[in-house]
Amino acid sequence: MNPQHRFLLEQFQNTKPGRGQTAQRPEHLGTQRRWYGLKNEQRRRIMLDFIAANRDLCYEDWLALIDSLYKGGSYEERCAPQTLLVKFPRYRRKLPLEQLDAWLGLLEGWAEVDSSCQSVFTAEDLLTNWQDWRDLLESLAGDDNINKRRAALVLLTAPITQSADEGILNLSLALIDRLKAEKDKRVAKAISWLLRKGIKQHRDAISDYVARKADSLPAIAVRETRRKLATGKK
């Protein structure tokens, strides 16, 4: 185990579970891994304190630590890379997408997937390396692993909000078209999420898409997107 990983694991193990949490398997998070009962803000504070004490972390050590955490045995370890990815944007943009693909294959359940995909990679990240990102997202959408298919959609929820770029919009709608027939709620809810996020920059296009595709989209996606269009609320 990476020595910095070992230090962080000890922090997770020695932190009292959050109020109302229990150190049991977190089935409601979609995973069977060990859970230390930490709330997201507790885990994030541990990671932020670590980063504050290790501001000189080099790229190679950053990469090795994330790789080690993604292979850890607990939910907290698998979610911990989120903060390292967010707080080191220069390193994040150097990350080989093949490595990200491999890491996503180690995740289990919607919460682990979302920790690495929601609001982590930005529109700028994608647009500065668009061809490779498009290839990755299309590959994830066609993967046999349901967690990767959800990741393909969730990875776009921040970029589609941050940018009016037509490429991001068109890819988002193409991946939704590709996955809309799936019955698994992990995908159906991600479709709804991505459509609602798209309203900020692409309101007319999202409204038109939902009107045209209502009969084939998951019912939850149609209902929630129409509500968002009408009220501005989820």
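Let me begin with Ser119, which counts as exposed at 53% relative accessibility. By exposed I mean over 50% relative accessible area, by buried under 20%, and by partly exposed anything in between, with a 1.4 Å probe and protein chains only. The structure before you is a predicted model, in which local features need pLDDT of at least 70 and side-chain atom pairs count only at pLDDT 80 or more, while totals for chains, interfaces and linings use all residues. Residues are numbered from 1 along each chain as its sequence is written, and side-chain values use heavy atoms, with hydrogens and water left out.

To return to Ser119, this residue sits in the loop between helix H8 (110-117) and H9. Helices here are DSSP runs of H or I with at least four residues, strands are runs of E with at least two, and both are numbered from the N terminus. Most residues other than glycine have a negative phi.

A salt bridge is a side-chain nitrogen of Lys or Arg within 4 Å of a carboxyl oxygen of Asp or Glu. The structure contains 15 of these salt bridges. In one of them, Arg93 meets Glu124 at 3.6 Å, N to O. Arg93 belongs to helix H6 and Glu124 to helix H9 (residues 123-127), so this pair ties together parts that are 31 residues apart in sequence. Arg93 is partly exposed at 42% relative accessible area, and Glu124 is also partly exposed, at 48%. Both residues take part in a network of salt bridges that links Arg92, Arg93, Glu124 and Asp125.

A further salt bridge joins Lys148 to Asp101 at 2.7 Å, N to O. Since Lys148 lies in helix H11 (residues 146-154) and Asp101 in helix H7 (residues 97-104), the pair ties together parts that are 47 residues apart in sequence. Is Lys148 buried or exposed? Lys148 is buried, with a relative accessible area of 11%, whereas Asp101 is partly exposed at 22%. Lys148 also meets Asp143 in a salt bridge of 3.8 Å, N to O, and Asp143 is partly exposed with a relative accessible area of 24%.

Rings of Phe, Tyr and Trp (its six-membered ring) pair if their centres lie within 6.5 Å; planes under 30 degrees apart count as stacked, over 60 as edge-to-face and the rest as tilted. The whole structure has seven aromatic pairs. One of them is the edge-to-face pair of Tyr59 and Tyr91, at 5.6 Å centre to centre and 75 degrees between the planes. Tyr59 is in helix H3 (residues 59-70) and Tyr91 in helix H6 (residues 89-94), so the pair ties together parts that are 32 residues apart in sequence. Tyr59 is buried at 12% relative accessibility, and Tyr91 is buried at 10%.

Finally, consider the surface. Glu98, Asp132, Asp135 and Glu138 gather there in a patch of negative charge. Such a patch takes residues with over 30% relative accessible area and no salt bridge, joining like charges within 9 Å, and nonpolar side chains (Val, Leu, Ile, Met, Phe, Trp, Tyr) within 5 Å. Helix H10 (residues 130-141) supplies the largest share of the patch, three residues. Asp135 is in helix H10 and is partly exposed, with a relative accessible area of 37%.

How values were computed: Areas by Shrake-Rupley, 256 points an atom, 1.4 Å probe, with all protein chains shown as cover. Lys, Arg positive; Asp, Glu negative; His and termini not counted. Charge placed at Lys NZ, Arg CZ, Asp CG, Glu CD.
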